[in-house]
Amino acid sequence: MDDSVGHHCGLAGTYNVPDAAARCYMGLFALQHRGQESAGIAVSDGKQVRTRKAMGLVTEVFSKADLDALSGHISIGHVRYSTTGSSRLANVQPLTIDTAHGQIAVAHNGNLVNARTLRDEFEAHGSIFQTSTDSEVIVHLLAQPEFRTYEEGLLGSLPRILGAYSFIFMTPDKLMAARDPQGFRPLVLGRITVPGQLGSIGEGWMIASETCALDQAGAVFEREIEPGELVVIDAEGLRSRRFAKPRPAHCMFEHVYFARPDSRIFGDYVHEVRLRLGGRLAREHPVQADVVTGVPDSGNVAAQGFARASGIPFDFGFIRSHYVGRSFIKPEQMQREQVVDMKFNAVRSVVDGKRVVVVDDSLVRGTTFRRQAKLLREAGATEIHLRISCPPTRHACYYGIDFLSRGELIAGRLKTVEAIREYLGIESLGYLSVEGLLSVVSQPKAHYCTACWAGEYPVPPVDVMDKLGMEKC
Ligand code: SF4
């Protein structure tokens with residue numbers, strides 16, 4: 001029913017923290033926006049790894065009794081939105097596997113672009129895969145007998161995999177994390193100081209997809225895990241190893257849409273970036289209007305930026321119900337479109353008799369906005385001007401974002417902005433340019449991926465397959 005882009009996954013892990021499962025749970029709860037299909041936590045007490053994972057939201061998967069049963073001081077957790085492999089229990093992470101080197105648990109965010117090729121090689125030599133995810137190839141690479149330790153195995157294996165990966169690994173006595181040389185997906189390191197920390201090093205650590213998870217789990221942001229870096233934390237402390245030269249290509253969609261506005265990723269605060277995106281949008285596509293509003297929740301910050309730069313007042317023209325979710329029971333006679341209407345309503349006192357600028361962060365099928373435009377008209381809006389804080393999305397993402405197929409994307413189906421405006425039935429439409437997008441972030445322009453808008457891929461895909469491409473195996 002939703003006209004949105006699929007989120008991907010969220011990761012959290014802790015080391016040397018007495019309440020490891022609870023901290024990991026808090027981190028995953030903060031990362032729920034990155035994946036709502038399933039959740040899992042594995043915990044080690046230094047000897048034994050215990051795991052709980054299931055389909056559902058973090059709050060549905062874990063009870064207090066579950067967390068109490070996960071005793072230990074090292075943890076690793078995952079929330080999943082499936083981008084490779086179907087949404088089923090066998091694919092829920094962390095994957096926990098026993099090899100000749102001992103137990104290891106793996107949590108992955110991103111999509112590998114040569115997973116099919118590697119899997120074919122392993123299967124040709126008799127390996128049996130347990131899941132239909134791309135993530136499992138790393139486990140088979142690590143299990144190779146030529147490596148004496150997992151650390152050595154990671155340094156030898158990571159250069160063989162291509163694409164997007166932020167990984168957290170846990171063995172009974174270590175927490176490890178790695179980020180691909182492009183740093184497509186965010187991954188951050190924090191410190192936790194609590195009484196009762198174990199061992200002589202006296203420091204607790206947390207690794208997570210976004211800083212909002214550190215904040216909510218009581219950790220203090222230390223730094224980002226660097227592209228091409230492997231971090232190992234064990235009884236000897238924290239050490240950083242390099243397995244590849246960094247070639248940054250951070251996902252700009254994280255700033256536009258995915259990451260939480262209270263997070264800091266790729267060296268910038270997401271909230272500030274979104275404000276600047278809105279400001280730049282106002283300069284690129286000015287309009288005479290009476291009020292600026294955002295499509296809640298994700299369009300609100302860019303709408304604020306648009307309002308500040310244009311001098312047009314901001315107000316809340318839409319209300320979004322947060323309770324129309326998976327549990328909403330669609331009455332028999334209700335149409336799919338009506339369910340969308342249940343999610344949003346226009347605020348008549350804000351839009352009646354007004355020329356309204358609506359700011360949103362993406363336009364996927366366009367069907368939802370058509371309904372929203374109808375709601376605004378019914379509430380008395382005299383003109384509707386839509387502004388999108390990124391360029392038209394016309395190309396596939398191979399790095400872990402689940403866009404629709406080109407035929408379903410409105411900018412794939414309709415070639416011109418004018419044709420899209422006409423389809424939406426509104427007075428004007430403006431998209432931010434790629435240059436505009438890259439003008440609001442602090443790193444050099446070449447350090448960001450914009451492939452879904454510009455069509456230039458930082459890592460050419462080796463295996464082009466859909467989400468269920470591994471299911472036949
Ligand atoms: S193609 Fe788009 S969504 Fe995918 S990583 Fe690049 S910027 Fe992000």
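Two strands pair if DSSP finds at least two bridges between them; with that in hand, here are some close-ups of this predicted model.

**View 1. Strands S9 and S10 side by side.** Strand S9 (residues 188-192) and strand S10 (residues 204-208) run antiparallel and are joined by 5 bridges.

**View 2. The open sheet of 7 strands.** Follow the order S3-S2-S4-S1-S10-S9-S11, with antiparallel pairing. Strand S3 (49-55) and strand S11 (220-224) are at the edges with a single partner strand each, so one side of each has no neighbour in the sheet. On average, neighbouring strands here are turned by 15 degrees against each other, direction ignored. Helix H1 (residues 20-30) lies across S1, S2, S4, S9 and S10, and runs at about 25 degrees to S4.

**View 3. The open sheet of 6 strands.** Here the order is S5-S6-S7-S8-S12-S13, and the pairing is antiparallel. Strand S5 (95-99) and strand S13 (237-242) are the edge strands, each pairing on one side only. Within the sheet, S8 (residues 174-179) and S12 (residues 229-234) pair over 4 bridges, and leucine 175 has isoleucine 233 as its bridge partner in S12. Helix H6 (residues 150-157) packs on this sheet, touching S6, S7, S8, S12 and S13, and its direction makes about 175 degrees with that of S12.

**View 4. Around the ligand.** Among the residues around the ligand are Phe184, Cys251, Met252, Tyr399, Thr450 and Cys452. Helix H8 (252-258) and helix H17 (451-454) each give two or more residues to this shell. The shell divides into 10 nonpolar residues, 1 polar and no charged.

Note on methods
Residues numbered from 1 in each chain as written. Predicted model: local features only at pLDDT ≥ 70, side-chain atom pairs only at ≥ 80, totals over all residues. Contact = placed C-beta atoms within 7 Å. Axes fitted to C-alpha atoms, helices over the stretch in contact; angles between N-to-C directions. Near = placed C-beta within 6 Å. Nonpolar A, V, L, I, M, F, W, Y, C, P; charged D, E, K, R; others polar.
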